[in-house]
Amino acid sequence: MKTKTEPPARPEAVPTVRKAPARGGRRPAAVASGVFSGLSHAALAVWALLVIVPLVWTFVAAFKTNAEIFGDAWTLPETWHFDAWGRAWRDTNIGRYLLNSVFVVSLSTFFTMLFGAMAAYVIARYEFRGNRVVYFMFVSGMMFPVFLALVPLFKVVQNLGVHNTYLGLILVYVAYSLPFTVFFLTAFFRTLPTSVAEAAFIDGAGHVRTFFQIMMPMARPGLVSITIFNVIGQWNQYLLPIIIVPADQDKWVLPQAIATISTTAGYRQDWPALMAALSMAIIPVLIIYVIFQRQIQSGLTAGAVK
Amino acid sequence: MRQGRYPFIIGFLAIPVVLYAVFVIGPYLQAFQIALTEWNGYKAPEYVGLENFRELFQDEAFTAALRHHLWILITLPLATLVIALFFSFLLNVGGGAGKSGTMRGVKFSGFYKVVFFLPQVLAVAILGVLFQSVYRPTESGMINGLLAKVGIAPVQFLNDPKIALWSIIGVVVWQSVGFYVVLFSAGMSAIPKDVFEAAAIDGAGRFTLFFRVTLPLLWDTLQVGWIYLGIAAFDMFAIVQILSVDQGGPDNSTTVVALEIYRRVFRYSDLGYASAMGVVLFFMTLTFAVLTLRVTRRERIEF
């Protein structure tokens with residue numbers, strides 16, 4: 001993963017390189033290498049700017065006035081106004097939505113991990129009739145587009161009386177996170193040694209106790225990756241909240257709220273507040289990302305590198 | 001310790017299975033049934049056979065959406081994977097030949113990876129709102145403001161039906177590249193160094209290294225990436241709904257099947273018809289995944 005782990009230069013390799021039918025002599029090659037490396041940096045730096053500039057530009061816009069936002073895009077605010085941040089906090093209720101998101105995602109991720117690990121453990125470690133059926137039932141969920149289920153899901157949520165409730169949102173988040181969680185954790189539990197669990201059985205630990213006290217701690221690396229995966233996936237959900245908690249504005253989660261605020265900002269003519277609200281939605285995520293970037297990168301890519 | 005096995009198995013599976021059956025499997029199966037009916041959600045559904053599907057293919061918005069998926073399916077994975085491969089190659093071997101003839105990554109590659117990956121952790125909904133300002137059609141838009149400085153007339157990124165879809169795909173590429181850079185970098189660093197060394201000693205240049213060594217050894221990862229992006233190409237709901245003008249406009253030029261489904265359900269209460277679209281979407285996704293796995297299957301190279 002890193003370049004610093006490069007082994008030290010092996011002296012015996014040097015003559016071989018010189019003998020190699022490279023592009024004539026050492027010097028031009030070295031120059032070409034330098035040019036290549038310079039161009040590499042240029043290309044990489046351009047993309048880095050492409051990523052950073054729109055974000056910074058949005059943050060800066062939160063300090064502008066309405067007129068400045070609709071003036072030249074590339075001028076800094078004449079004076080840095082902080083009041084849009086206050087207005088965004090007060091009028092758009094952004095703090096409430098942030099808290100809602102934290103509340104919903106912590107519960108739904110917790111239960112996703114609990115139920116997902118329970119199902120995966122039983123599937124991976126116990127032989128019983130229907131084991132394969134249960135496994136494929138869970139895994140097949142990864143293949144279906146959510147939109148296929150949209151109509152019946154909406155009806156189920158209504159019929160159970162959990163439409164416009166946190167409970168409904170959490171249940172649906174958990175259910176739709178199970179396929180990947182079960183798939184990944186089943187594979188993970190299979191890789192763990194059986195000897196420790198057997199020793200626990202001999203010492204008289206029951207199945208449940210073995211699971212919680214022996215297997216869960218052993219599965220920690222896998223659990224951490226998938227927890228991160230689920231937290232980010234559920235935090236960023238947009239479709240599920242807009243169909244499950246559309247009406248009750250007090251229950252909205254962040255992405256859903258931001259999308260709506262952006263349309264009302266047009267009516268209210270308060271663009272700096274929208275930019276401030278947007279920044280407030282982005283900054284906490286940025287901070288957490290910078291702190292945990294290594295874990296987050298490996299958590300999100302966990303599904304693709306097996 | 002074999003007693004109590006079945007109660008334990010049932011006890012552990014009960015909640016997850018019930019939850020999953022009620023909210024996921026049940027709805028998926030019902031959708032196929034509802035697709036054969038006309039139903040507004042209140043009266044009893046009326047069985048109409050394949051009528052919905054017949055209507056679908058005369059529905060201009062729907063056929064437009066299908067065309068868009070085809071374009072997205074080609075351009076989104078292609079653009080994302082090519083850019084990501086290019087950058088991960090630069091990051092991992094772009095530092096040129098080391099003293100020992102091995103290829104080195106560029107300096108600060110850790111920093112670049114952190115930055116590139118960043119959009120991946122932001123919600124699509126939030127990016128949609130952000131890019132509304134970036135794409136604004138006057139000099140107050142981030143891009144048009146820059147174009148104005150060099151005397152180029154403002155581009156109607158989202159208002160011109162000819163380019164609106166591309167502007168939206170651009171955002172998704174922008175967001176996805178970093179994910180694949182990290183993925184490919186992990187894949188590249190898993191390739192043993194002696195493979196590169198051996199090739200370099202045999203006189204392979206940078207480009208030979210890339211096309212003859214790196215690419216074949218990354219094939220599995222590339223395949224996974226293609227499938228992920230392909231599946232993403234069949235979704236696109238949040239970004240189109242939030243970023244495009246008139247949700248899928250102008251003039252249906254950016255609409256996607258998911259958006260048509262949503263509209264049918266929540267604007268027209270045409271639930272049977274919406275489910276029929278869902279069924280088509282399902283078969284398209286399935287066909288794509290199976291085809292990709294078949295066509296790109298290659299012998300696995302173990303190392």
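Student: How many residues of chain A are in contact with chain B, and what makes two residues count as "in contact"?

Tutor: In this predicted model, 89 residues of chain A are in contact with 94 residues of chain B. Two residues are in contact if their C-beta atoms, placed from the backbone, lie within 7 Å. Helix H2 (residues 27-61) of chain A gives the most to the side that touches chain B, with 16 residues. Helices here are DSSP runs of H or I with at least four residues, strands are runs of E with at least two, and both are numbered from the N terminus.

Student: What kinds of residues make up the side of chain A that touches chain B?

Tutor: They divide into 68 nonpolar, 17 polar and four charged. Nonpolar means Ala, Val, Leu, Ile, Met, Phe, Trp, Tyr, Cys and Pro; charged means Asp, Glu, Lys and Arg; the others, Gly among them, are polar.

Student: Which residues and chains do these labels refer to, and how far is the model used?

Tutor: Residues are numbered from 1 along each chain as its sequence is written, while chains are lettered from A and ligands numbered from 1 in the order in which they are written. As the model is predicted, local features need pLDDT of at least 70 and side-chain atom pairs count only at pLDDT 80 or more, whereas totals for chains, interfaces and linings use all residues.

Student: Why is chain B called more spread out than a compact globule?

Tutor: Chain B has 13 helices and four strands. Its radius of gyration, taken over C-alpha atoms, is 24 Å, well over the 19 Å that the globule rule (2.2 Å times the number of residues to the power 0.38) gives for 303 residues, so chain B is more spread out than a compact globule.

Student: Why is B:Tyr135 called buried?

Tutor: A residue is buried if 20 or more other C-beta atoms, placed from the backbone, lie within 10 Å of its own, exposed if 12 or fewer, and partly exposed in between. B:Tyr135 has 22, so it is buried. B:Tyr135 lies in the loop between helix H5 (124-134) and helix H6 (142-149) of chain B.

Student: How do you know that the buried residues of H10(A) line one face?

Tutor: In H10(A), A:His207, A:Thr210 and A:Phe211 are buried. Seen down the helix axis, they fall within an arc of 95° (using the directions from the axis to the C-beta atoms), so they line one face. The face turned away from that buried side carries the exposed residues A:Arg209, A:Gln213 and A:Pro217.
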